[in-house]
Amino acid sequence: MIVISLQMQRHIFVYVLLTFLYNNVRAGITSDSCINRVDSLLGIVTSLAPSNPTLAIEVCRAGIKLSEDCSDTLSLIEFKTLLGRSYTMTANYPVALKELFEAQNLARKIEDTSGEAFSIMSQGNVFFYHKLYTEAHAYYSKAIELAKTCGDSILIGSASHNYGLTFFNAFKNYDSAFYYLNKALNIFIAQGDSAKVLFTLYNIGSNYYDQAKYELAIKYIQEAIQSSGKYLGNAFYGDALITLGDIYSRQKNYPLSEKYMLKGLELAKQNNMLYYVEKGYYYLSNHYRRKGNFPKAYEFSSKALNLKDSLEKRDVANKIAILKIKYDLESKEQEIKLLTTEKSLAQEKLKKGKILQNITILVLVLVVIITILGIKQFRIQKRFNEKLQKQVYDKTHELSYALKRAEKSDELKSKFLQNMSHEVRTPLNAIHGFSELLSEQSDSSDAQKEFASNIIRNSNYLIELFDNITLISRLETNDYRFNFNQFNVYQFLDTLAEKFTYRSQEKHHGQVEFVFGTENVDVELLINNDYESLKIVLYNLLDNALKYTTSGTIIFKAQKFDNYLLFTVSDTGIGIPKEFHMQIFEKFRKFNLLDHKFNRGAGLGLPISKLITEKLGGEIWFDSIPGSGSNFFVKIPMNKA
Ligand code: ADP
């Protein structure tokens, strides 16, 4: 086996470094040459690190410089992590942690999750070598999680391997330790990484050794040290030999055990692996004790104790230093977290501000749209209103014109009717007069007398009709003259009652009783109103009562109240159907056309009465039950102003 001395290794390194520096100057730093050179340096570091960490440190420093010149942050992170790992191997833990922490921060900054996981795992190593297994355990767990997020299987394998070791060292949880070591082993086998496979086998063997499962331990460790421990690195090869030596010693295979242990001790010493040296002394002491060589046993025992003492002292100092660094790191991390939270808060605020801004813009846009629509709507509305106004104006104009025309034509019609009535009334009067003369002639036959009275009756009806037409026309055209005078109301009523008592008797021959009565109407009572007009009103009502009653009673009553008189004409006649109540005071309305008995009349009496009553300052109304009778009421002031 060719063993390269430290001196020789240093020469090789200086040669490699000089070659790199020369190439840099000659070729200038181009991106291609950068990638090549960085890759080569990384390769050198990886192969040097396990066996010669001191040299690896120097190559890492060159790698850091080159990465910075090439602005290759990813490689910078990797070199820094490898530098930290190499410092760990040389037991310079504070510097190791500093580099690893810087690497982690850089990786986090550029979101290089894989780089961050690698540096965290390497920080775990620092704690591991200080036997701060619980801390190391936490770091490895974090590294596994991160490695999983970026799917870096090499890292998952390495971190699982180390995680398994902490189960074994920290908690003596051999099952979990085996689970993770085996998981790592499978990953390394799949990757064809022989060095890592053998190293894992060595650790699985140690796991079994600790459980006193010596046969399994021998099986795994023997496999791990194949090819004279070439892949394991001298330090671990030494430890493996010491462990195997102890097992053989326990199995009383003394020659083999001594050979393994002494060789292992030598390798541990060469690599300055003092823990393994102390372990070697201790196992050798036990070995000699078993063999009964007590002086040797004593010699190694005291060596072991001395070394243990100094190691423990160093350990205590280191532990304190490392815990302080850990504390500092944690505070820094806290600070970073705080800053990150603040940053994300600020970003959140910014985001919220943006949202608010967008909402404001949206609202403004909406307001503008609504305003535009509003203005448009307003204009449309305005135009519509103007059009409507014009239409209303035109219509009003048209209507007022039509009204004027209607009024005019109504007036013309009334005038025509007045003239006509006058023109017709004159010959009618003559007919009436001559008929009377004819009926009074003593030499007239009975038949002639009968004809004459027929002519008289019909001409009377015609005269009455024409009188009514003339009257309503004059009332409507304000051509009718009212004469307000003082008169004795009792006498007025009495005359009227007398006339209708007579007419009732004449018409109904006692079938209808006519009753007249007053309340509070003094025989001397004088009122100021239009005698003739009031007579027309009451005459019409009494005439209707007489006309539409065939049996029963007609009551004509006058009541005096404070300042008005109320006249009531009640009958037990045919009554007025409900559906006609609203139209009763309209012109030419007749509601008993089917019954010839009651067919006489033109439907003018009530409209004339209403027009006159209102002109007299009074009111007229009625109630009626069809089949039972009607009550007509007229109320007039006693002193028309
Ligand atoms: P007319 O000359 O036909 O009686 P009016 O204007 O006096 O005209 O009455 C209009 C209609 O009202 C009558 O045709 C009749 O149908 C009805 N009417 C008026 N008074 C009475 C009443 N006392 N009893 C029943 N019906 C009446």
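At 28% relative accessibility, Asn454 falls between the 20% and 50% limits, so Asn454 counts as partly exposed. The model is a predicted one. Its protein chain contains 20 helices and seven strands. With a radius of gyration of 68 Å, well over the 26 Å that the globule rule gives for 641 residues, the chain is more spread out than a compact globule.

**Overall form**

- Along the principal axes, the C-alpha atoms of the protein chain fill a box of roughly 200 × 60 × 45 Å.
- Buried residues make up 41% of the 641 in the protein chain.

**Asn454 and helix 17**

- Asn454 sits in helix 17, which covers residues 446-476.
- The side chain of Asn454 makes a polar contact of 2.6 Å with the side chain of Arg457.
- Residues three or four places apart in an α-helix point the same way, because the helix has 3.6 residues a turn.
- Asn454 and Ser435 are 19 residues apart along the chain, and their C-alpha atoms are separated by 9.0 Å.

**Helix 8**

- Helix 8 takes in residues 153-171, 19 residues in total.
- From first C-alpha to last, helix 8 reaches 26 Å, close to the 27 Å expected at 1.5 Å a residue.
- Helix 8 is mostly covered, with 14 of its 19 residues buried.
- At the start of helix 8, Asp152 places a side-chain oxygen within 3.3 Å of the backbone nitrogen of Ile154.
- Lys172 follows helix 8 and has a positive phi, near 50°.

- Most residues other than glycine have a negative phi.
- Ser71, a residue other than glycine, has a positive phi near 50°.
- Ser71 belongs to the loop between helix 3 (53-69) and helix 4 (73-89).
- The relative accessibility of Ser71 is 62%, over the 50% limit, so Ser71 counts as exposed.
- Asn272 is not a glycine either, yet its phi is positive at about 60°.
- The loop that holds Asn272 runs between helix 14 (254-270) and helix 15 (274-291).
- Asn272 is exposed because its relative accessible area, 55%, is over 50%.

**Ligand site**

- The ligand is surrounded by 22 residues, of which the closest are Asn544, Lys547, Tyr548, Asp571 and Leu606.
- These shell residues divide into 10 nonpolar, seven polar and five charged.
- Helix 19 (531-547), helix 20 (605-615) and strand 7 (629-637) each supply at least two residues of the shell.
- Helix 20 gives the most to the shell, with three residues.
- In the side chain of Lys547, an N or O atom is 2.8 Å from an oxygen atom of the ligand.
- A polar backbone atom of Gly603 is 3.3 Å from an oxygen atom of the ligand.
- For Leu606, the distance from a polar backbone atom to an oxygen atom of the ligand is 2.9 Å.
- The ligand taken alone exposes 520 Å², and the protein buries 97% of that area.

Key: Residues are numbered from 1 along each chain as its sequence is written. This is a predicted model: local features need pLDDT of at least 70, side-chain atom pairs count only at pLDDT 80 or more; totals for chains, interfaces and linings use all residues. Side-chain values use heavy atoms; hydrogens and water are left out. Helices (H or I, at least four residues) and strands (E, at least two) are DSSP runs, numbered from the N terminus. The expected span of a helix is 1.5 Å times one less than its number of residues. Buried means under 20% relative accessible area, exposed over 50%, partly exposed in between (1.4 Å probe, protein chains only). A polar contact is a pair of N or O atoms within 3.5 Å; within protein, one must be able to donate a hydrogen and the other to accept it, and residues adjacent in sequence count only if both atoms are side-chain atoms. A residue is near a molecule or strand if one of its heavy atoms lies within 4 Å of it. Accessible areas come from the Shrake-Rupley method with a 1.4 Å probe; for residues, only the protein chains shown count as cover. Ala, Val, Leu, Ile, Met, Phe, Trp, Tyr, Cys and Pro count as nonpolar, Asp, Glu, Lys and Arg as charged, and the others, Gly among them, as polar. The radius of gyration is taken over C-alpha atoms; the globule rule is 2.2 Å times the number of residues to the power 0.38.
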